[in-house]
Amino acid sequence: MIDEVSGFRSGDDEALRVLYEEHGALIYSYCHRIVGPNLAADVTQEVFISAWRSRENYDSERGSFAAWLMTIAKRRCVDVLRRFGRRPEFVTDTTEAGSEPATENVIALERIADRMLLDEVISQLPGRARRAVEMAFFEQMTHPEIAATTGSPLGTVKSDIRRGLAAMREQLGGDDE
Amino acid sequence: MNEPPEDGSTDDDLTFDGADTLVSLLAEITDADRQRLEPPPSIWNAIVATVSADRDGRPDRTLTLTDNGDGSVVADVSPIELQATTTIALARRRSTDQPILPSEMSPWGRQWLPVAAAVAVTIVGGLVTWAFSDEFSGDGGNAAAPLDGEVVAVTEMTDDGLPDGSSTVSNIGEARLVLSGGRYYLDVDVGDLPDVDGYYELWINDPETDGVLSLGVLGGDGRHALPDNLDPADFPVVDVSVESLDGDPTHSGRSVWRGRLDP
């Protein structure tokens with residue numbers, strides 16, 4: 001991953017392809033959800049082209065590559081919603097068509113991005129840590145319950161969850177284009 | 001219950017700036033947040049075409065979309081002097097709102113369309129290719145600039161053997177497959193095209209699967225880039241169709257000239 005991002009920053013086409021394969025589904029799924037099926041492909045394309053053209057701006061110390069892409073995707077989606085006067089389909093409010101997306105809509109749009117990104121980070125955690133995090137936050141299990149279910153010592157479960165949270169914190173953040 | 005983490009940290013280590021937000025977000029994750037959709041291949045093809053254009057120093061041309069409010073979208077290609085506008089319906093198939101086989105369609109078109117609907121790259125992909133093709137101008141292309149590269153194959157574009165047979169010009173010119181700068185292009189010399197109700201579109205076809213790929217609007221002589229990851233031997237047939245401004249991105253089935261390239 002580090003090599004790919006490094007290659008991407010230096011303009012390596014192959015690195016772009018690998019990173020698209022790794023993150024294309026995340027970005028496309030997000031855009032599909034926010035701007036709808038008719039525009040998702042175009043916005044996804046714009047996100048990767050924008051990222052490629054501003055690749056020297058990516059700073060891995062400020063967040064993961066996926067978070068950076070998601071930051072670009074959020075902006076592109078907001079642009080599209082403004083352009084078309086649309087609102088995200090998930091929000092029901094009284095915003096008139098043609099107006100700026102309501103602030104709460106933009107916040108909701110960003111929160112969806114953060115949640116999808118978090119899920120992406122969780123899916124990339126090592127197996128045991130991923131399972132512990134999923135049990136703790138998706139299945140609402142206590143640490144002792146996780147320890148009993150997995151057969152791991154309680155201290156190990158706590159460590160796994162702590163590392164998982166730390167990884168998530170590192171991954172989130174994004175960056176300027 | 002109070003067993004400390006095995007790495008020597010304490011539970012307090014779980015508290016950090018933003019921890020509450022993180023935990024709150026985790027608790028909000030839904031099945032929809034975890035769903036992933038496979039991006040259509042046209043996205044990557046368009047990215048490759050744009051990146052290649054950037055690398056070759058071609059001018060930046062932006063695709064601007066405007067929603068018509070009826071499910072169709074108007075696509076404008078900047079800079080404005082290109083005056084390239086068409087109406088498209090993204091990701092829509094003719095079958096969603098029209099009969100699949102209109103009565104005016106040729107038998108050849110009938111054979112193609114179902115496959116085209118499933119396989120054809122959306123017109124956006126075609127537009128991007130078109131927009132970034134080297135020689136594009138407002139009238140759909142020109143031959144003013146020299147077209148470099150190694151000619152790999154040449155074919156005459158004729159209406160011989162086309163079931164449609166509607167062309168009033170039996171031989172419109174030629175198409176050349178050219179390798180330049182590590183990528184393939186289709187150089188088309190067709191001179192002044194006859195007036196038509198609608199517009200001409202350039203396609204390549206895999207006769208074995210009847211898959212078609214749009215290379216964009218054909219307005220005259222010009223160069224059209226092929227996707228980087230495409231083997232031109234897989235799409236040896238060059239096809240020019242007449243398309244209506246009906247917002248349907250699929251092949252109309254009304255082909256007027258064809259040729260076969262055998263690299």
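How many bridges join strand β10 of chain B to β11(B), and do the two strands run parallel or antiparallel?

**Entry 1. Two strands in chain B.** I began by noting that this is a predicted model. I then looked up strand β10 (residues 237–243) of chain B and found 5 bridges that join it to β11(B). The two strands run antiparallel. To follow one of the pairings, I looked up B:S241, whose bridge partner in β11(B) is B:S255. I next examined how far β11(B), residues 255–260, is covered. Of its 6 residues, 5 are buried, and I recorded the strand as mostly covered.

**Entry 2. A helix in chain B.** I turned to helix α1 of chain B, which spans residues 19–28. Which of its residues did I find buried? They are B:L22, B:L25 and B:L26. These three lie on the same side of α1(B), because they cover an arc of only 100° around the axis. I recalled that an α-helix has 3.6 residues a turn, so residues three or four places apart point the same way. I then checked the other side of α1(B), where B:D20, B:S24 and B:A27 are exposed.

**Entry 3. Chain A as a whole.** Read from the N terminus on, they run α-α-α-α-α-α-α-α. Chain A has 177 residues, and 45% of them count as buried. Finally, I looked up the contacts in chain A between residues at least 6 apart in sequence. Of these contacts, 60% join residues at least 24 apart.

Terms used:
Residues numbered from 1 in each chain as written. Chains lettered and ligands numbered in written order. Predicted model: local features only at pLDDT ≥ 70, side-chain atom pairs only at ≥ 80, totals over all residues. Buried ≥ 20, exposed ≤ 12 C-beta atoms within 10 Å, placed from the backbone. Helix = DSSP H or I, 4+ residues; strand = E, 2+ residues; numbered from the N terminus. Arc of directions from axis to C-beta. Contact = placed C-beta atoms within 7 Å. Pairing = 2+ DSSP bridges.
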